Amino acid sequence: MEKIFKLQQNGTTVATEIRAGLTTFVAMAYIIFLNPVFLSATGMSSAGVLAATCLSAAIGTILSAVLSNKPFAMASGMGMNAYFTYTLCFGYGYTWQQALTLTFISGGVFLVVALLAGKKAVTFIPENLRHAITAGVGLFILLIGMLDAGIVQMTAGFPELGDLRSLPVITSLIGLLVVVVLTVLKVKGSLILGMLITAAFSLATGQTALPESFFALPTALKDVCFRLDFAGLFGSGSLAALIAVILSMSIVDMFDTLGFLIGTVSKTNEVNGGDTEKLDRVLVADAAGTMLGALCGTSTVTCYAESASGIEAGGRTGLTALTTAGCFLLAVFFSPVTSIFNSAVTAPALIMVGIYLLMDIRKVSFEGMDEVIPAMVTVTMMPLAYSITTGIAAGFISYVICKLAARKTGELNIPTVALSVIFVLYFCLG
């Protein structure tokens, strides 16, 4: 253990690393039940998605541990699973097999960028847009959570307050109350605890029933694994639309990971100067995890901010990540449990995840209208257009327009302008 993970050098022990890994798993275990809710809406097998979610999380986390020796865990990203279902499948009409193919390709694009530029790639994208994209995804997820809970409903294309007297809505409100209280009290694993308490209420009121068995072999994995459809994808629409979608997916994945590294790396007592290569390896692991996750049958895999809980518990090396990965591998055998976690149970956690992401709005600079307008366009267009790609595209285009109008061409760079041109083509031809 010492030779592989350099525990003494990092000021930690085997016991501390294992405890930290378990802490990280508890903090992010909610994805095991939330991800199937999203992806099964496209027609995918719920049990298959659960197994794929756990397997891909284990693979990505193991890659991170082996390549970087860092306590960083990965799993299917919240936001990208919403993108998969509501933008790719429901919005653009792709089949879930084609959406998996797009996920695989976007992971390949990210992998090339990670190998060539590493974490320097973040400098190509305006900082305000990075934070606005995260906040916009959060607002989009928050809206989806409200709709799933029934707290808000769409009538004739307009939102209005749902029926707060119906039992499913009451269940969601109770779950939201529990999650909010646990979060405010800073209880570790508040989301998964809130879901378990809400599930217990749902069972007690007869809305759901216990499965015949809590354990099963992951045979349903075959229903979603290795189901990519390249032929159908490239015959399904314009090339401009495909390029725009792939770039959007790659950009969001890259931002998620880079933002995570920037916000978390200081907690591991690292010095930026001598550890750049290992941090770049995390990006490689993330991109490779996305490609392998698509093959398993799930949406984009990315680093999880919940890794910070394990770091706070003393995790410093890849042994923490390997412990988390081991827990995900064990969770592969719990697919029957998905029947308990209906939308009323998972919606409160979804709403809270949206709030967490929306908090990035505080990092947006409001010093000039040439910065404010693109950021607000990005944040608002995602939920209003019901499309993450549309929000990103509108943000990039408006950013270039505002900088040209303000005569601040020096703040523009070739990648930003090139992406804006591609997104203009996306709107005109897609």
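**View 1. Salt bridge between glutamate 411 and lysine 403 in the predicted model.** The closest N and O atoms of glutamate 411 and lysine 403 lie 2.5 Å apart.

**View 2. Salt bridge between aspartate 370 and lysine 403.** Here the side chains of aspartate 370 and lysine 403 meet at 2.6 Å, N to O. The pair links distant parts of the chain, 33 residues apart. Aspartate 370 belongs to helix H16 (residues 369-385), and lysine 403 belongs to helix H17 (residues 388-405). Both aspartate 370 and lysine 403 are buried.

**View 3. Network of salt bridges that includes lysine 403.** Asp370, Glu371, Lys403, Lys408 and Glu411 are linked in this network.

**View 4. Salt bridge between lysine 363 and aspartate 360.** The closest N and O atoms of lysine 363 and aspartate 360 are 3.3 Å apart. Lysine 363 is partly exposed, its relative accessible area being 43%. Aspartate 360 has a relative accessible area of 13% and therefore counts as buried, the cut-off being under 20%.

**All views. Salt bridges in the model.** In general, side chains of opposite charge can pair when their charged atoms come close.

Notes
Residues numbered from 1 in each chain as written. Predicted model: local features only at pLDDT ≥ 70, side-chain atom pairs only at ≥ 80, totals over all residues. Heavy atoms only, no water. Salt bridge = Lys/Arg side-chain N within 4 Å of Asp/Glu carboxyl O. Buried < 20%, exposed > 50% of the residue type's maximum accessible area, 1.4 Å probe, protein only. Helix = DSSP H or I, 4+ residues; strand = E, 2+ residues; numbered from the N terminus.
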